[in-house]
Amino acid sequence: MSCLHIKNLSVQFKTGRDTVFAVDRVSLDHTGGETLALMGETGCGKSVIANSIVRLLPENTSIKGEIFFKGRDLLKASERELNQIRGQEIAIVLQNPGLALNPIKKLGKQIAEPLVIHKKMPWKQAVSQAEQMMNQLRFTGLKEKIKAYPFQFSGGMNQRVIIASSMVLDPRVIIADEPTKGLDMEARKEVMRELADIKKRKGSSLLLITHDFDLSREIADRIAIMYAGEIMEIAQNKKYFKEPLHPYARALMQSLPENGFKPIPGPPVAMTDPPRGCKFHPRCPFRIKKCAGERPPEITINGRQVRCFLYA
Amino acid sequence: MKQKAPSRFKGLMKFDQEAGRFPASRAGMIVFMIFLFIALFAGILAPYGPNERFAPFESPSHSHFLGTNDMGHDILTELIYGSRVSLLVGILTACLATGLGLVIGLVSGYFRGITDEVLMAVTDIFLMIPRIPLVIICAVFLRSSYWLIILVLGLLWWTTTVRIVRSKVLQIREMGFIVSAETLGFSKFHILFSEILPNTVFVIIPKFMLTVASAMIAEASLSFLGLGDPSSKSWGMMIRYAFERGGFIRDMWWWYIPPGLCITVCVLSIVLMSFSLENSVDRFTDIFRGLIPSFTRMRRD
Amino acid sequence: MLPLCLMEIQDVSKTFRYGLIKRKGRSVFNNISLSIPSGGTVGITGKSGIGKTSLGKIAAGIIPPSKGHVLYKGKDIFKMQKAEWNTFRTKVQMMFQDPEGALNPMKTIGRQFNAVCRLMGEKDNNKACKRIQEVMDQTGLSDEILDRFPNELSGGQNQRVALGRVLLLEPEIIILDEPTSALDISVQAQILQLLKTIQQENRISYLYISHNKKLIEFMSDTIFSMDKDEQDSY
């Protein structure tokens, strides 16, 4: 089974006079067929990791580390090799996928496009294959939808269309970056159902980047929570939501509406000047002297991984 | 505590850095700076006084690098002093045209409704008026001078600026901070000039530059037609005199080609500068904002 | 002691008309009535697109209702004299969903605060600075943001700035239109706590608009739901 293996990934951006330390020595394993939710708040680096995998980062980026996919280090692959991989083997659905739809082209054609480009299929065949796939994914009233334009549908519908079109080449890994961002409750539910469906039918691996707790709870197998460019905890879905171990994960749960909106003290971390040692220590109620000096190691407890001295 | 001088300097350095991304623009900027420098320090740079007379119709030589004209004036001196007139007319016309266009565009775009309709109708009327013929007619009945050119061209050229400003204002007025400003209770006047205007800067500046360029060409054409001010010589006027007073016939290329070249090169440099501005608005936003004096420094000490 | 009723929305309806000749109407909502007491929070909830923002804007006096009245301290705001309107404008404020959108992208935060001070008629620089400092302390902002532009600040910081600006005017009512829905979860929790604290310290009434039921329940004393099947207050 395919497997994505990220080893010691560090990403930095230079903007003017500042350097943004977006990702700091992240290691992650994504096994085939599983849905891994990479969660965290704005600026924690989760989108950067997604973009690093398919190498869609801007020019002034320095990347260190390795990302193994099917035995190959993607960070050392050539642009041509990557073009082969992108779309066919690793599909990425970027933020605001609805915006990725060309408003003046019919939906059917846009879904069929990857087939025409990558598999060099003739248009008619591609469109009919796209139709078949849309059938599978429970798009009702198909005939009209294929011939329709994006603006005739809601945001949620367009989002689902993009996700569907990313499936058309049967990729091994799908990376979905904030697929429910900007959608209201109804549309969110639609997209959630869509992703859950894909997971069941295709058995592809899904790397879900999100800050939407409901989405992760619904469909993720494992949860990895990030803060300030580091992964703080990785755990099985049920175990994580029942009882998170890392102080940040705990504090974040307490901020949720169902737990009373209890705020985490202190300002969010500035990515241009992150704290030394444990990145969360200035805001942590359990901090000890060690936390300000050393970076906590990743500790394995009961099949989970936590980066905190509390569990050392 | 930020000092005022370094932050402005940094801003200009960044401008150069930014312009450097497009080598043509950097060249444009440097050339334009040279022309500005020449215009400002004409008195020091010119080899002779503007009214000093020598033997007429001389070819280029050691003492007269570009020879002399029919009145015996040194052509190089004329060229250098001419830069002042040409640039001044260009810049003042652009100021008038852009200023008018800015105000009308702001008012029209923000207030909309009947004000907008009326102002746009007026703009359309002005658009129909042919500029050069109007200047010619005015020049016939009034004393021809550069102020006439500046006034007439300025009062006719605001039309293109108005449309650009108006569409930008239509965009801006829908933005959240305008609604916020209205809710906070700011007067419409404040919103127009203090909130909306700074956001139109990146539309105005390239337009201003291009208007300077167009105005310089227009002035040169009008001077060549004999409608310029005979007392202060612009580059266009120099070409006119070369034509009128026998420079063309005598093949005195050193008389009419340098001013023509100057006009062309100067206009080109301005256009190239405005290209880089249009191409990287985001980066120039940072530079522009770096030039605004620090609030804390202003208020705290 | 009954709380003083600051604002009353009476039988307000809104229809948006479009089309040049045949002015077609799209009715957003009909006959909404509610009142905002002094110092309390009234929550407005409902699905997206149901007209909550329009109702908020009507209450803030930004757009007029098609039918009905909005009374501030007993007077209809759309029929007020200039002086009364100016007072209303100062005392009733609104905060919006997009934190960065509420601020002028070409002005530093310091200048934006200062502009509001001058609006209040504060000509003395020192007093203005003092007032700005007070408001920044209340909203948890540090000095260094004064020289920054809105796009250099985080969403949470921008929302604090927006709140600070509003507080400079010493309002009595703030209408909040989903102020935290664009923010991260932990930042949202911080802002909500801040809003509660400020409400107590400054004795301000809130009209809180959100589609999130749990949020509304957390923030409000009384809730008004605009969903068609639940149009009642509870």
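**Helix packing in chain B**

I began with α4(B) and helix α10 (residues 201-224) of chain B, which pack at an angle of about 135° with their axes 8 Å apart. Axes are lines fitted to C-alpha atoms, for helices over the stretch in contact, and angles run from 0 to 180 degrees between N-to-C directions. I looked up the residues in the contact: among them are B:Ala94 and B:Ala97 of α4(B), and B:Phe208 and B:Val212 of α10(B). Contact requires C-beta atoms, placed from the backbone, within 7 Å.

The model is predicted: local features need pLDDT of at least 70, side-chain atom pairs count only at pLDDT 80 or more, and totals for chains, interfaces and linings use all residues. Residues are numbered from 1 along each chain as its sequence is written, while chains are lettered from A and ligands numbered from 1 in the order in which they are written.

**Core**

Which residues touch the most other members of the largest nonpolar core? I found A:Leu38, A:Ile175, A:Ala224 and C:Leu207, in a core of 216 residues. Helix α4 (residues 75-111) of chain B gives the most to this core, with 15 residues. I then checked A:Ile175, whose contacts beyond four places in sequence include A:Ile53 and A:Leu207.

**Chain C against chain A**

I counted 16 residues of chain C in contact with 14 residues of chain A. On the chain C side, α6(C) gives the most, with seven residues.

Terms used. Contact = placed C-beta atoms within 7 Å. Helix = DSSP H or I, 4+ residues; strand = E, 2+ residues; numbered from the N terminus. Core = buried A, V, L, I, M, F, W, Y, C linked by C-beta atoms within 7 Å. Buried ≥ 20, exposed ≤ 12 C-beta atoms within 10 Å, placed from the backbone.
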